[in-house]
Amino acid sequence: MTGAGVRGDTAAMVRARTSFLASGVYEPIAREVAEVIGDHVLPPPAELRDETPAGRPARVATGPLLADLGGGTGYYSAYVLNHVPEFEGVLLDASAPAAKVAVRAHPRLTVATADLWRAIPLPTANVDVALVVFAPRNPAEIARILKSDGICVVATPQPDHLAELRAVVPLLGIEPDKGTRLESQFAGFGRFETRFVTYQTALDPTAIAEVIGMGPSAYHLSPANIADRAAAAGRRLVTVSVAVDVFTRGA
Ligand SMILES: C[S@@+](CC[C@H](N)C(=O)[O-])C[C@H]1O[C@@H](n2cnc3c(N)ncnc32)[C@H](O)[C@@H]1O
């Protein structure tokens, strides 16, 4: 994992993220993530859910475990848990304001704060699916926590993601080497597949302010500055372009 220090989202970023994600603009990304997980991970054998004649569970059944790393407000983990009902989830994030929102995201989601640059506070070989959506990646720790047949699903913005907003906020640019960096970070894993989610959507100034306010530019711009830039941008058609990569535990 590259980088240093914790940069968890601030309360203002979390408010912007919560509102923007609630609008459903990124729902196609969540849907693809849920579908890819459903396609790759089989539900537990039926006998795990068998009940005794008295109606009591024959054994304590725990489903496959999803770990949403840098999971923010829990939007993506809640979506996956709703659409792949066999799963239990754990969400880890450095941001206390994000964790406060995430604890209410889904009844099968457990939430804790942690600095994932340092270590992932989960047991070895415990996780069926590690999920990283637009968040820092620690491949050595992900390899440690995954079961031998586990997968890591990584969603990353592509170079054309929100390209139309770069005229509004120059800082919003995507690092040009993102794909190469992902490949080198996960060199010890096998790559199963990559799916692309690409579409255009119209954003009004409120949504533009939120999408800027929940991203890295928010560390450098005041809320008033963001609002001014969004108002000047007006209503705009923007491109959403994200890759969803599936890595397997072994190369
Ligand atoms: C762009 S947000 C993505 C959040 C969420 N995955 C989503 O897409 O809604 C990046 C997240 O990574 C978290 N983060 C940043 N550095 C971190 C670290 N060192 N350890 C844990 N989380 C971190 C932030 O707090 C933030 O919630």
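**Exercise 1.** Find how many bridges join strand E1 to strand E4, and which way the two strands run.

*Solution.* Step 1: locate strand E1 at residues 65–69 and strand E4 at residues 127–133; strands here are DSSP runs of E with at least two residues, and helices are runs of H or I with at least four, both numbered from the N terminus. Step 2: count the bridges; 3 bridges join E1 to E4, and the strands run parallel. Two strands pair if DSSP finds at least two bridges between them. Step 3: look at aspartate 68, which stands opposite leucine 131 in E4.

This is a predicted model, in which local features need pLDDT of at least 70 and side-chain atom pairs count only at pLDDT 80 or more, while totals for chains, interfaces and linings use all residues. Residues are numbered from 1 along each chain as its sequence is written.

**Exercise 2.** Give the strand order of the open sheet and name its edge strands.

*Solution.* Step 1: the 7 strands follow the order E3-E2-E1-E4-E5-E7-E6, with mixed pairing. Step 2: E3 (109–113) and E6 (190–203) each pair on one side only, which makes them the edge strands.

**Exercise 3.** Determine where the buried residues of helix H2 lie around its axis.

*Solution.* Step 1: H2 covers residues 27–40. Step 2: Ile29, Ala30, Val33, Val36 and Ile37 are buried (20 or more other C-beta atoms within 10 Å of the residue's own, C-beta atoms being placed from the backbone). Step 3: seen down the axis of H2, the buried residues fall within an arc of 130 degrees (taken from the directions from the helix axis to the C-beta atoms), so they line one face of the helix.

Note on methods: The expected span of a helix is 1.5 Å times one less than its number of residues. A residue is buried if 20 or more other C-beta atoms lie within 10 Å of its own, exposed if 12 or fewer, and partly exposed in between; C-beta atoms are placed from the backbone.
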